[in-house]
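This report goes through the charged pairs, the nonpolar core, the aromatic pairs and the confidence of a model. The sequence and structure are shown first.

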Amino acid sequence: MGSISRATTALASARPECECIDIRAELSYWRLHLGSEGRQDSAVNFDDYRATIKFAYDAYLKWHREPLHLLGPTLRQTYEQQVSYRDRLDWFTAEQIIHDVWDRIQTAGACCDGEARTGEPIRPAPALAATVN
C-alpha cells in the first residue's frame with residue numbers, strides 16, 4: 001500500500017525533510033495484516049489495537065530521527081499519558097506494535113522518486129496526524 005511518502009531537500013539529504021502518512025490507508029493495512037503477525041487471537045479484535053497503532057504513527061512523526069531503541073522510557077511514559085486507560089494495551093504488546101509500525105514505515109515507505117519500495121505507486125496524501133479516526 002502506497003500510503004507513506006517522503007520529501008527531501010534539493011541537497012538530497014540522507015534524512016527525509018517531511019513525512020506524510022495516510023493514516024486511513026495504514027489502518028486498513030494493519031486491519032488486514034495484524035492477525036497474520038501471530039499477535040491477534042480470536043478474543044481480541046482490531047479495534048483493541050487501533051489507539052496503539054495511531055500512537056505509534058504519531059510517535060514516529062515526532063521522533064523519527066531518534067533511534068527507536070533509545071526511546072523506550074519516553075515512549076512508555078507518553079503512551080500512558082496520551083492513550084486512555086481503556087484503550088491501552090499492556091506495554092509489552094504496545095511496544096511490539098510500535099516497533100512493527102516503525103519497521104513498516106522505514107522499509108515499506110516511499111522512495112524519493114515517488115515509487116513505494118515494493119514498486120507500487122504511492123498516493124500523495126496530506127500530512128495527517130495519527131489521531132484521525
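## Salt bridges at partly exposed and exposed positions

Arg86 is exposed, with a relative accessible area of 72%; here buried means under 20% relative accessible area, exposed means over 50%, and partly exposed lies in between (1.4 Å probe, protein chains only). The model is a predicted one, in which local features need pLDDT of at least 70, side-chain atom pairs count only at pLDDT 80 or more, and totals for chains, interfaces and linings use all residues. Residues are numbered from 1 along each chain as its sequence is written, and side-chain values use heavy atoms, with hydrogens and water left out.

Arg86 forms a salt bridge with Asp87, the closest N and O atoms being 3.3 Å apart. A salt bridge is a side-chain nitrogen of Lys or Arg within 4 Å of a carboxyl oxygen of Asp or Glu. Asp87 is partly exposed, at 29% relative accessible area. Another salt bridge joins the side chains of Arg76 and Glu80 (3.3 Å, N to O). These two residues are 4 apart in helix H3 (residues 72-82), which separates them by about one helical turn. Both ends of this pair are partly exposed: Glu80 has a relative accessible area of 38%, and Arg76 has 39%.

The structure holds 4 salt bridges, and one of them joins the side chains of Glu26 and Arg104 (2.7 Å, N to O). Glu26 belongs to helix H1 (residues 23-33) and Arg104 to helix H4 (residues 91-108), so the pair ties together parts that are 78 residues apart in sequence. Glu26 is buried, at 0% relative accessible area. Arg104 also counts as buried, at 8%.

## Secondary structure and exposure

The protein chain has 4 helices and 2 strands, where helices (H or I, at least four residues) and strands (E, at least two) are DSSP runs numbered from the N terminus. Read from the N terminus, the order of elements is β-β-α-α-α-α.

Of the 133 residues of the protein chain, 41% count as buried. The protein chain exposes about 7,700 Å², and carbon and sulfur atoms supply 51% of that area; accessible areas come from the Shrake-Rupley method with a 1.4 Å probe, and for residues only the protein chains shown count as cover. Among contacts (heavy atoms within 4.5 Å) between residues at least 6 apart in sequence, 62% join residues at least 24 apart.

## The nonpolar core

A nonpolar core is a set of buried Ala, Val, Leu, Ile, Met, Phe, Trp, Tyr and Cys residues joined through side-chain atoms within 4.5 Å. The largest one has 27 residues, of which Trp30, Ile53, Tyr57, Leu75, Val101 and Trp102 touch the most other members. H1, helix H2 (47-63), H3 and H4 each supply at least two residues of this core. H2 gives the most, with 8 residues.

Leaving aside neighbours within four places in sequence, Trp30 is in contact with Phe46, Ile53, Tyr57, Asp100, Val101 and Arg104. In this list, Arg104 is also the salt-bridge partner of Glu26.

## Aromatic pairs

A search of the whole structure finds 4 aromatic pairs. Rings of Phe, Tyr and Trp (its six-membered ring) pair if their centres lie within 6.5 Å; planes under 30 degrees apart count as stacked, over 60 as edge-to-face and the rest as tilted. The rings of Tyr60 and Trp102 have centres 5.1 Å apart and planes at 90°, so this pair is edge-to-face. Tyr60 in helix H2 and Trp102 in helix H4 are 42 residues apart, and their pair links distant parts of the chain. Both residues are buried.

The ring centres of Tyr79 and Trp91 lie 5.6 Å apart with planes at 55°, so that pair is tilted. Tyr79 lies in helix H3 and Trp91 in helix H4, so the pair ties together parts that are 12 residues apart in sequence. Tyr79 and Trp91 are buried, and together with Phe55 they form one aromatic cluster.

## Confidence

The predictor's confidence in each residue is given as pLDDT, from 0 to 100. The mean pLDDT of the protein chain is 72, and 59% of its residues reach 70 or more. Confidence is lowest in strand S1 (residues 4-7), at a mean of 52, and highest in H3, at 94.

Over residues 7-18 the pLDDT is below 50, and this stretch has 17 contacts in the model beyond near neighbours in sequence. Over residues 110-133 the pLDDT is also below 50, with 54 such contacts. Where pLDDT is low, the predicted coordinates should not be read in detail.
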